[in-house]
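Reader: I'm new to this one. Can you walk me through it?

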Amino acid sequence: MKEFQIHDLDSAPEKSKPLLQKSIQGFGLIPGLHGVMAESPSALAAYQDLHQHFLDSSFDADEMTVVWQTINVEHNCHYCVPAHSAIAKSMKVDDAINNALVDKTPLPSEKLEVLRDTTLTIVRERGVVPDRVLERFYAAGYTQQNLLDIILGLAQKVMSNYTNHFAKTPVDARLAKFVR
């Protein structure tokens, strides 16, 4: 089986080089996932755009972490779970939230639990969400915008989780302390 190359600024296709430079500016390095995605400049550009759009979404840092990590854990992504543990730490998300997501234990608030349950239902049922789940979601104080923003986060995570599965992206050294 042919292995995926993890590109750097020298090996990347020309159209990916400015995108990798953007990764360096944002992360101080080229994350392995971005190096893999650089093989397709369009995929890397879309991923970076989705990431920024999700950061600009209706969710706060705790809620973004719930959506990201719920999907990462459900998809069993060996790379994204530690990556988003590091991101949660940098966003000053309480470790109790991230640990509950990774360990599949109760979250510290009912509202965040509802967000996790709704996200899981969307993932597992491929968007066919029963009315009772949506009613609980809205009763918890979430909105239609929030529901659509879960889909945005899911689109981003499908790109990264699936890429990491078939590329077997090695976990970056800086993320090793977040691997469980």
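Reader: Which residue's side chain meets E113 in a salt bridge?
Author: R116 does, with N to O at 2.8 Å. Keep in mind that this is a predicted model.

Reader: How many residues apart are E113 and R116 in helix α7?
Author: Three. That puts about one helical turn between E113 and R116.

Reader: Is E113 buried or exposed?
Author: Buried. Its relative accessible area is 15%, and the cut-off for buried is under 20%. R116 is buried as well, at 8%.

Reader: What's the distance in the E110 and R136 salt bridge?
Author: The closest N and O atoms of E110 and R136 are 2.8 Å apart.

Reader: Where do E110 and R136 lie?
Author: E110 lies in helix α7, residues 110-124, and R136 lies in helix α8, residues 131-139. So this pair ties together parts that are 26 residues apart in sequence.

Reader: Is E110 buried or exposed?
Author: Exposed, at 51% relative accessibility. R136 is partly exposed, at 34%.

Reader: How many salt bridges does the count come to?
Author: Seven. One of them pairs R180 with D103, where the closest N and O atoms are 2.4 Å apart.

Reader: Where are R180 and D103 in the chain?
Author: R180 is in the segment after α9 (144-167). D103 is in helix α6, residues 95-103.

Reader: Is R180 buried or exposed?
Author: Exposed, with a relative accessible area of 58%. D103 is partly exposed, at 41%.

Reader: New topic, helix packing. At roughly what angle do the axes of α3 and α4 cross?
Author: Roughly 140 degrees. The axes of α3 (residues 41-55) and α4 (residues 61-74) come within 11 Å.

Reader: Why is α3 called oblique to α4?
Author: Because of that crossing angle of roughly 140 degrees. Roughly antiparallel needs an angle over 145.

Reader: Which residues make the contact?
Author: From α3, H51, F54 and L55. From α4, M64, V67 and W68.

Reader: How many of those are nonpolar, polar or charged?
Author: Five are nonpolar and one is polar. The contact of α3 with α4 has no charged residues.

Key. Residues are numbered from 1 along each chain as its sequence is written. This is a predicted model: local features need pLDDT of at least 70, side-chain atom pairs count only at pLDDT 80 or more; totals for chains, interfaces and linings use all residues. Side-chain values use heavy atoms; hydrogens and water are left out. Axes are lines fitted to C-alpha atoms, for helices over the stretch in contact, and angles run from 0 to 180 degrees between N-to-C directions. Helices (H or I, at least four residues) and strands (E, at least two) are DSSP runs, numbered from the N terminus. Angles under 35 degrees count as roughly parallel, over 145 as roughly antiparallel, 65 to 115 as roughly perpendicular and the rest as oblique. Contact means heavy atoms within 4.5 Å. Ala, Val, Leu, Ile, Met, Phe, Trp, Tyr, Cys and Pro count as nonpolar, Asp, Glu, Lys and Arg as charged, and the others, Gly among them, as polar. A salt bridge is a side-chain nitrogen of Lys or Arg within 4 Å of a carboxyl oxygen of Asp or Glu. Buried means under 20% relative accessible area, exposed over 50%, partly exposed in between (1.4 Å probe, protein chains only).
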